[in-house]
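Hello,

Here is the structure I promised to pass on. Please have it open while you read; my notes follow below.

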Amino acid sequence: MAPPIAYSLIATDLDGTLLRGDDTLSDRTLDALARVAAAGAQHLVVTGRPAPRVRPLLDDLGSRGLAVCGQGAQLYDAGADCLLWSVTLDRELAETALGKIEAEVGQVYAAVDQDGVEGLTLIEPGYLMPHPTLPAVRVRRRDDLWCEPISKVLLRHPSLSDDELAATARSVVGSLATVTMSGPGTVELQPCGVTKATGLALAAEHLGLGPRDTVAFGDMPNDIPMFDWAARGVAMANAHPELKAVADEITLSNEDDGIAVVLERLFAGDMAHIVQ
């Protein structure tokens with residue numbers, strides 16, 4: 001009988017972690033994920049991207065399983081192309097939170113991710129997408145952002161850093177929303193209490209797994225709850241200092257196959273068994 005595998009659940013963020021800067025995966029990373037899957041472990045994407053922006057990547061990976069999307073607000077079933085669970089951000093609360101933030105820092109530029117597997121990303125005038133490869137629809141005015149249920153709001157400020165904007169938002173938003181920072185130029189408001197950890201826990205429960213079965217990979221402060229939940233948290237070399245401070249390990253960058261390096265080590269015995 002083969003020995004038990006190191007971890008049964010491999011939870012990975014996407015941008016700055018699993019993906020390279022051009023939104024691709026290296027052959028080495030793809031090979032490591034394939035070998036880990038053959039050893040019996042499951043790979044779970046845990047991302048701030050909404051389900052419609054994750055679906056093409058899951059198709060490329062050949063994944064027909066679950067994915068945690070929208071910072072934990074959505075649990076997406078790729079095989080059935082449906083949301084098993086989702087929670088929306090109350091639009092009146094979102095408007096109130098934006099007003100409180102702007103009362104402190106002046107005008108911000110906002111975007112929203114709509115709920116659902118066909119939800120759009122809407123951006124108001126002045127908002128620049130941090131990932132230009134991701135599709136978005138520009139609306140004429142802010143009021144148009146609230147036309148359909150949303151999973152989160154994305155914010156940018158013309159002069160404040162992400163850290164400064166996130167800190168101010170947390171200080172004034174209170175229980176109206178959860179404030180996260182998920183990447184360069186990406187401060188977000190999501191439903192209160194919703195984090196990557198809540199979404200990851202729900203997905204793991206569906207899979208019959210738990211924290212001790214899980215190793216998580218990430219690069220930004222929004223990955224901290226996921227690291228707190230999982231048995232092991234691995235930060236990329238390019239990670240934000242706040243995440244590195246709570247990580248169990250720091251690997252190479254997303255451009256240098258950091259995930260593959262760790263998986264090859266953790267699953268060395270399993271991979272050797274598969275190759276033979």
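Helix 1, strand 9, strand 10 and strand 11 each give at least two residues to the lining of the largest pocket. The model is predicted. The lining comprises 34 residues. Nearest the pocket's centre are Asp15, Arg49, His131, Leu134 and Thr186. The pocket holds about 460 Å³ of space.

Strand 6 (109-114) and strand 7 (121-123) are antiparallel and joined by 3 bridges. Val112 sits opposite Leu122 of strand 7.

On to the cores. The largest nonpolar core counts 29 residues. Ile10, Leu14, Leu58, Tyr76, Phe217, Leu263 and Phe267 have the most contacts inside it. Two or more residues each come from helix 1 (14-18), helix 2 (27-38), helix 3 (51-61), strand 3 (66-69), strand 12 (214-218) and helix 9 (258-266). A second, separate core has 27 residues, including Val108, Leu145, Trp146 and Ala177.

What does Phe217 touch, leaving out residues up to four places away in sequence? Its contacts include Ile10, Ala11, Met226, Phe227, Val234, Ile259, Val262 and Leu263. Asp13 and Thr17 are also among them.

Best wishes

Terms used. Residues numbered from 1 in each chain as written. Predicted model: local features only at pLDDT ≥ 70, side-chain atom pairs only at ≥ 80, totals over all residues. Heavy atoms only, no water. Core = buried A, V, L, I, M, F, W, Y, C linked by side-chain atoms within 4.5 Å. Buried < 20%, exposed > 50% of the residue type's maximum accessible area, 1.4 Å probe, protein only. Helix = DSSP H or I, 4+ residues; strand = E, 2+ residues; numbered from the N terminus. Contact = heavy atoms within 4.5 Å. Pairing = 2+ DSSP bridges. 1 Å grid on protein atoms, 1.4 Å probe; cavity = no way out; pocket = protein on both sides within 12 Å on 5 of 7 lines; lining within 4 Å. Points joined across faces, edges and corners; volume = space filled by probe spheres on them.
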